[in-house]
Amino acid sequence: MTSYVVTIPGTLHEPLTDEARFTLLGALRPVDPQSTDIGAAEELGLLSVDTEQSRFTVHLEVDADDSNTAKENARRIASSAFEKAGYTMRSAPLGEPVITGIDSE
């Protein structure tokens, strides 16, 4: 099993309220990349938001057997977190997941 840091870009079509941000970060906390050497070295946060451009980036740590599975799992986790925060795939569509780090042991 390998730990992957996966980055997922997206667009916000509705404002990110403080309550939604709190819920979103809570749902993503178990996959915070800060627990990896890569995440700590790069100082990756779970969520970056550019409110002027209505864009966001999510960074997740996912354990998987291969990179495709890691991307699929990361997308599923991010989608679920946004749903918990009250967003749909229409109001906060996700872009393509990208592997931005691998931490194999």
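Read from the N terminus, the elements of the chain run β-α-α-β-β-α-β. That makes three helices and four strands. Helices (H or I, at least four residues) and strands (E, at least two) are DSSP runs, numbered from the N terminus. The model is predicted: local features need pLDDT of at least 70, side-chain atom pairs count only at pLDDT 80 or more, and totals for chains, interfaces and linings use all residues. Residues are numbered from 1 along each chain as its sequence is written, and side-chain values use heavy atoms, with hydrogens and water left out.

Start with the whole chain. Of its 105 residues, 42% count as buried. Buried means under 20% relative accessible area, exposed means over 50%, and partly exposed lies in between (1.4 Å probe, protein chains only). The accessible surface comes to about 6000 Å², and carbon and sulfur atoms hold 45% of that. These areas come from the Shrake-Rupley method with a 1.4 Å probe; for residues, only the protein chains shown count as cover. Now take contacts (heavy atoms within 4.5 Å). Among those between residues at least 6 apart in sequence, 73% join residues at least 24 apart.

Next, the interior. In soluble globular proteins, nonpolar side chains tend to be buried together. Here the largest nonpolar core has 26 residues. Such a core is a set of buried Ala, Val, Leu, Ile, Met, Phe, Trp, Tyr and Cys residues joined through side-chain atoms within 4.5 Å. Leu28, Phe56, Leu60, Phe82 and Tyr87 have the most contacts inside the core. Strand 1 (2-11), helix 1 (18-28), strand 3 (55-64) and helix 3 (67-84) each give two or more residues to this core. Helix 3 supplies the largest share, six residues. Phe56 touches residues including Ile8, Leu47, Val49, Phe82 and Leu94, not counting residues up to four places away in sequence.

Ala20, Leu24 and Leu28 are buried. They cover an arc of only 60° around the axis, so they sit on the same side of helix 1. The arc is that of the directions from the helix axis to the C-beta atoms. An α-helix has 3.6 residues a turn, so residues three or four places apart point the same way. The buried residues of helix 1 pack against strand 2, strand 3 and helix 3. The face turned away from the buried side carries the exposed residues Asp18, Glu19 and Phe22.

Finish at a loop. Ser54 is found between strand 2 (47-50) and strand 3. Its phi is near 60°, a positive value in a residue other than glycine. Most residues other than glycine have a negative phi. Ser54 is partly exposed, with a relative accessible area of 28%.
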